[in-house]
Amino acid sequence: MSTYDFERYLNVRSAYGASFDFAGERLCFLLNTTGVPQVWQLDEPRSWPRQLTFDDERVTFISQSPERDEFVFGMDDGGNERQQLFRLDGDGETITPLTAMPDAKHRWGGWNSDGSQFAFTSNRRDNAVFDVYVQDRDGTGEDAELVYEGDGWLSLAGWSPDDEKLLVIESHSSFDQDLSVLDIESGALEHVTPHEGNVRYQGVNWGPNGEALYLVTDDGADTMYLARLDLDSLDVELVEEGGEWNVDGLSLHEDTGRLVYSRNVDGYTELTVGELTDDTTIREFPTPNLPRGIAGGVSFDPDAERFAIGATGSTDNTNVYVVDVETGEAERWTEASTAGLPTESFVRPKLVHFESFDGRKIPAFFSVPDGAKAGETPVIVDIHGGPEGQRRPSFHPVKQYFLNRGYAYFEPNVRGSSGYGKEYTHLDDVEKRMDSVADIEAGVEWLHDQRAVDPDRIVAMGGSYGGFMVLAAITEYPELWAAGIDIVGIANFVTFLENTGDWRRELREAEYGSLEDDRDFLESVSPINNIQNIEAPLLVLHGENDPRVPVGEAEQIAEEAAEQGVPVEKLVFPDEGHGFTKLENRIEAYTKTAEFLEEYV
């Protein structure tokens, strides 16, 4: 089988984040052909697209105006996540900065019905909290009207059909939200989700006539289900059960009652398309014929006859499809390049389960390269971030590169991962933190029993919280590892919480424990305080502008590990944040990873 260099794999493109224009004729979407995501436009399927933005920084989202040939997009600077909003004419000629406050974050909240105003939340008044703003489409900077002062992490789920209210989401943690309805004129905020304990309210949509909300929630259940929240009585009515798996997404067209919801079945997306025939009954249409894998980001055309959606699979890079609502026929509109790599060379994983220390079955995806020889195959254990994340069967160019080079790839969804119900997600909270690391140890023991695997050449790799898991694994179970790759990871929970963005601290303390109450515990599980155990060579990759896990985490772990006498290499990118978005940086980071593993594994 032919082998290909890393640059080829990192030049595989992705098209996603699509929306129809106000007339339902053209499609705008994000595509990273230039090396970072920019805005592109198509008039018809697989025609030659037009590039509309030409910046060196990533575009984070696009939202088409409902009544004009224009849209708003978001962009930050060097990965710092302080997103600014811009308006772009449909012909791509004129860009207008709408916020122009580079020290603040701006979170898009949607257009009103005629596109004359838009809403957003921002921490421009106080770095630690988010307020709600409304701005005229031709306003800029300080023209935005502050309509509600918040005291937490606020985002918006859109305008009511009559344009008089906004739906406000307050996140207390990744697994606990509250919804409120804000009267724009009076500033009155009505809390509509009174509850006890942790309850998720996600995928929130205004229903027809604005009398109810449609959403997914796990209120009173282990898995998430589709529900209707009556805004008069505040009763939550079941629409579709979750059952064994989460209903994890919903998009509702408020004028027609047509909807798309998704179910996460062991990581794979299963879509249901239909329309409301009464408040809680759905008439279903045929299932769309999309690639098996993950699909999301639904955007209806103005009449809800079609919707655009991004779809990807283990061997399919991300592209935008347009689906006919009534027939389920899906047509691919974009041609995101595979960089000339033959798709038949891509490897599909197997879904496996291994037993952990307490008898619990842990799910994982396991990929073995073609032609793997018994007992000679090195393995990369790639641990997802979050920690409330989930490794799912999407296209992963780094994985496909290493499979092409003869590595096996193991992607566990340890306890604490989302996608498997509320109970499973909370099995790693605070004092249970190291149980998830023990799951990694059990996964490696399972790998030892696999015929192809060389037990002396197993690598831990992960980013963000996955970076912490790498550092914890190689210090708690040092004898298991041939090398570690820490990407924007947490080395010390105390310094991480002290230095992360003010707006994030409360959310993260809900998962990890607080500086005030749990400092001793946080110190005890921080890999930096167990670094004397390290034996494996370590590569540390980070972005200097990272607002989530500050670069000091990389600096301290690299320094301390080097003092233990193990080989350590560190690479910090001055124009990146929490992860690497620029193509040249991705090539450098992952080429360095390949060279590091070539030397030590």
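Met75 stands opposite Gln84 in strand 7. Strand 6 (residues 70–75) runs antiparallel to strand 7, and six bridges join the two; strands pair if DSSP finds at least two bridges between them. Helices (H or I, at least four residues) and strands (E, at least two) are DSSP runs numbered from the N terminus. On its other pairing, strand 7 meets strand 8 (residues 95–97) in the antiparallel sense over three bridges, and Arg87 has Thr96 of strand 8 as its bridge partner. Five residues lie between the strands in the hairpin of strand 7 and strand 8, where Gly92 takes a positive phi near 80°.

Five of the six residues of strand 7 (residues 84–89) are buried, so this strand is largely enclosed by the rest of the structure. Buried means under 20% relative accessible area, exposed over 50%, and partly exposed in between (1.4 Å probe, protein chains only).

## Basis of the model

The model is predicted: local features need pLDDT of at least 70, side-chain atom pairs count only at pLDDT 80 or more, and totals for chains, interfaces and linings use all residues. Residues are numbered from 1 along each chain as its sequence is written, and side-chain values use heavy atoms, with hydrogens and water left out.

Four strands form an open sheet in the order 9-10-11-12, with antiparallel pairing. Strand 9 (106–111) and strand 12 (145–148) are the edge strands, each pairing on one side only. Neighbouring strands of this sheet are turned by 30° against each other on average, direction ignored; axes are lines fitted to C-alpha atoms, for helices over the stretch in contact, and angles run from 0 to 180 degrees between N-to-C directions.

Within the sheet, six bridges link strand 10 (residues 117–122) and strand 11 (residues 131–136) in the antiparallel sense. Phe120 stands opposite Tyr133 in strand 11.

## Helix 9

The buried residues of helix 9 (residues 552–563) are Glu553, Ala554, Gln556, Ile557, Ala558 and Ala561. They pack against elements including helix 5 (465–476), strand 34 (483–487) and strand 36 (568–573), where contact means heavy atoms within 4.5 Å. Just after helix 9, Gly565 takes a positive phi of about 90°.

Glu81, in the loop between strand 6 and strand 7, has a positive phi near 65° although it is a residue other than glycine. At 14% relative accessibility, Glu81 counts as buried.

Val488 is not a glycine, yet its phi is positive at about 45°. This residue lies in the loop between strand 34 and helix 6, and Val488 counts as buried at 4% relative accessibility.

Conventions:
Expected span 1.5 Å × (residues − 1).
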